[in-house]
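Dear colleague,

Please find the structure below for your records. My notes on selected contacts and salt bridges follow.

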Amino acid sequence: MSDKHMVVLALLLIAMLCLPVILAIHANGTQLRGRWRPAARATRRTLRRMTVRDCVTLQRLNRDWGAVPPRPAPALENLEADLRRLYRDRVGIATQSLVWHIAVLRAYDARLRLASQCLGLPEHLDGLDGMDLEIERLRIEHELEAAGLVLRPAR
């Protein structure tokens, strides 16, 4: 066989080995292009006419690409009411289970974090446990009350 035949044979062999990869890339590319169109061309008018399926597609794209849509911060009055309710639940736990108590504490800590962020107060609830966590909760409660929030229900 001549050198020309060897080169042509090698190129054909490479093309046959790469063909499935090229087809897979093309199929995924058209699939992504079809899924990305609603997000790329979304204007005010199309956003008003979006269907549930379009919203689900956008959520999947955000999840796939790691984009987290910004959530609006809840109103400070709502946070204050949630903190009062959770404080009541946290204190009155004599008849509840341990799992319920832990869930209430986590929710209370999350609301303390949000209220602190809204008012620009420092908080260090992450990474603490035991007595240190209780002291940090008390410190944040005191700072929030000093800022004007009413966290404990009126007697």
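Asp89 is partly exposed, with a relative accessible area of 24%; on this scale buried means under 20%, exposed over 50% and partly exposed in between, using a 1.4 Å probe and protein chains only. Its partner in a salt bridge is Arg85, with the closest N and O atoms 4.0 Å apart, and Arg85 is likewise partly exposed at 37%. A salt bridge here is a side-chain nitrogen of Lys or Arg within 4 Å of a carboxyl oxygen of Asp or Glu. Both residues lie in helix α4, 4 residues apart, about one turn of the helix; helices are DSSP runs (H or I, at least four residues) numbered from the N terminus.

This is a predicted model, in which local features need pLDDT of at least 70 and side-chain atom pairs pLDDT 80 or more, while totals for chains, interfaces and linings use all residues. Residues are numbered from 1 along each chain as its sequence is written, and side-chain values use heavy atoms, without hydrogens and water.

The count of salt bridges comes to 11. Helix α4 also holds Glu80 and Arg84, 4 residues apart, whose side chains meet in a salt bridge at 3.5 Å, N to O. Glu80 counts as buried at 16% relative accessibility, whereas Arg84 is partly exposed at 25%.

In helix α6, Glu136 and Arg139 are 3 residues apart, about one helical turn, and form a salt bridge with closest N and O atoms 2.6 Å apart. Glu136 is buried at 8%. Salt bridges that share partners join Arg90, Asp109, Glu134, Arg137 and Glu141 into one network.

With kind regards

Notes: Helix = DSSP H or I, 4+ residues; strand = E, 2+ residues; numbered from the N terminus.
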